[in-house]
Amino acid sequence: MAYFGVSKRFRVIAALFTAALWLIFNSAAEANEYDIVIRSGRVIDGTGAPGFFADVAIRDGYIVKIGKVIGRGDREIDAKGRVVSPGWVDIMDQSGSIFLTDARAPNKIRMGVTTAIAGEIAPPVAPNELAKYFDTLEKQGLVINFGTLYSLGEIRRRVMGDTSAAPSDIQLDQMKKQVACAMEQGALGVSSALVYPPGVFQTRDELTELSKVAASYGGFYASHIRDEGIGLVAAIEEAVAIGEAAGLPVEIYHLKAAYRPLGGELMSLAIAAIERARRRGVDVSANLYPYTAAATGLDVTIPPWVFADGKDKAIARLRDPEVRSLLKKQVAAGAGQGWSNFVASSGGWNNIILANPFSQKYERHRLRSIADIARDEAREPADLAWDIMLEGQPNRPLAFYFMMDEADVELALQASWTSIGTDAAAAAKLGEVDALGLAHPRSYGSFARVIAEYVKRRKVLTLEEAIRKMSSLPAGRAGLHDRGRIHVGLRGDLIVFDLETIKDHATWHDPTLPAVGVDYVLVNGELVLDAGHDTSARPGSVLRGKGTEMLHLGAPATILKSPSCH
């Protein structure tokens, strides 16, 4: 009898234990239906449509439900009183090199950036090493998503060296093969930088022929156009003509009316030129950063012919007093002399501010105008600027060029086809200058500034339109149709921010102050910023162009394959 009693008790206990396990596992299954649920936020989906209140559920890196979400998530985020937006896309990034050594991008994620598209500066590898470069980034891990174009200026340099000469037929063919190689290995398109050597020596015909190759792989053409000053309209028309003849979309980098004497007038002409092209069917758009000063090297104050035989020869020429005398006359002749005269565009040396001399000798003069420093040292401004440039070698001393008018920035922001790009790299550490050494507030503030300054304070944009310009519009330009919107089935790149507190704090004197107000950042469904704090997650993806997929599927006969890639 004892035996049967024990057995009965055992069976009862076992049954109760089984029932308990069933309840535990089923409760867990219900609680874990989603990885993350963002609750009760004001969802602005990135299309420009009005916002609505809803929950957003994420599972396995994708958005799987929008609306009233009954099931629980492993992580629940209370977004009540906050905005839920698609992650923002930096269409004009400069992080190609820094991501090889540090991929945290703390300045970017605090602005809400989840995707960066680089390209004005070439990737730090040859075209036939691009796939390996991408593999390295994936192996090391990225915090945000990253893709890149390949620079046509760098391709020219690799084939021809630093020269102003026109390419021979053989050299042009070699460059085409390098473009094909870059596209096959994952470049999203090609880019040009036509105010800097060697790009300044590339003709429209050369750029068109190279862009045709990128077009055959489904790429696009992005350009720092030949002149952003008095020749702005002609430079836009050149970019449009290249895209039209080559048969590919055109993206104009950091659109600006960079000619101080015509502040408040020039941008309307630029917009009219782009809209004329769009009306006749050319796929052209532009991006910008919301500031009135550009930032680049002091070398742009020098007529480009000095660089016709490479950097070493240019430095030797700059040390020659007779050459300097000629250069100063050419700078003083003003705009319209066949080159982009940054001194004339800035309205003189008084509006050119030393940003980073890369030299202890001149460090004390940081954030002072070249004109003021020259007066203190009883020197000509041109001589001072060029000596700073020489002293800072092998680095590239940098300056701010206050060339733009606020009215032109506002006008450009209002165009339906403009998006936002920082023209800045990721910083290795929060509070430090970006990897370019460029202490411009755009590195830390651009995206937050659009909301704080142009949505809330100036009311230039609606919140929905601003978010569209920072999400679906740039994502679409880069061919990233699985991102940039809050829609079921798309990637879980999302941010949650406080509309009341979001603000850029970076200034000209304190350019590395982080933006505030972005509380949560998700990349491919994983938190990389959690309640304002970095996580250790590295869920970012490398974003390869269509050329890679086309190659795997069997390239059409029209595509110029490059044997050097395989």
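How many bridges pair β9 and β10, and in which sense? I found two bridges, and the pairing is parallel. Strands here are DSSP runs (E, at least two residues), helices likewise (H or I, at least four), numbered from the N terminus. Two strands pair if DSSP finds at least two bridges between them.

Ground rules before I go on. This is a predicted model, so I note that local features need pLDDT of at least 70 and side-chain atom pairs count only at pLDDT 80 or more, while totals for chains, interfaces and linings use all residues. Residues are numbered from 1 along each chain as its sequence is written, and side-chain values use heavy atoms, with hydrogens and water left out.

**Sheet**

I traced the strand order as β9-β10-β11-β12-β13-β17, an open sheet of six strands with parallel pairing. β9 (150-151) and β17 (418-420) are the edge strands; each has a single partner strand, so one side of each lacks a neighbour in the sheet.

Then I checked the bridges of β10. Tyrosine 150 has valine 190 in β10 as its bridge partner. On to β11: five bridges join β10 (residues 189-193) to β11 (residues 220-224), and the two run parallel. Glycine 189 is partnered with phenylalanine 220 of β11, and serine 192 with serine 223 of β11.

Is β10 buried or exposed? Five of its five residues are buried, so β10 is largely enclosed by the rest of the structure. My cut-offs, with a 1.4 Å probe and protein chains only: buried is under 20% relative accessible area, exposed is over 50%, and partly exposed is in between. Both faces of β10 are covered, with Gly189, Ser191 and Ala193 on one side and Val190 and Ser192 on the other.

**Rings**

I looked up aromatic pairs next. The rule takes rings of Phe, Tyr and Trp (its six-membered ring) with centres within 6.5 Å; planes under 30 degrees apart are stacked, over 60 edge-to-face, and the rest tilted. By this rule I get eight aromatic pairs. One of them is tyrosine 291 with tryptophan 508, edge-to-face at 6.1 Å centre to centre and 75 degrees between the planes. The two residues are 217 apart in the chain: tyrosine 291 is in the loop between β13 (284-288) and β14 (294-297), tryptophan 508 in the loop between β18 (494-497) and β19 (518-523). Tyrosine 291 is buried at 5% relative accessible area, whereas tryptophan 508 is partly exposed at 23%. I also noted one aromatic cluster formed by Tyr291, Phe400, Phe402 and Trp508.

Which charges sit over rings? The test wants NZ of Lys or CZ of Arg within 6 Å of the ring centre and within 35 degrees of the ring normal. Arginine 396 has its charged end over the ring of tyrosine 196, 5.0 Å from the centre. Arginine 442 is over the face of tyrosine 289, 4.5 Å from the ring centre.

**Helices**

Helix α15 (residues 442-457) packs against helix α16 (residues 463-470) at about 160 degrees, axes 10 Å apart. That makes the two roughly antiparallel. For the record, under 35 degrees is roughly parallel, over 145 roughly antiparallel, 65 to 115 roughly perpendicular and the rest oblique. The axes are lines fitted to C-alpha atoms over the stretch in contact, with angles from 0 to 180 degrees between N-to-C directions.

Valine 460 is in the loop between α15 and α16, and it is buried at 13% relative accessible area.
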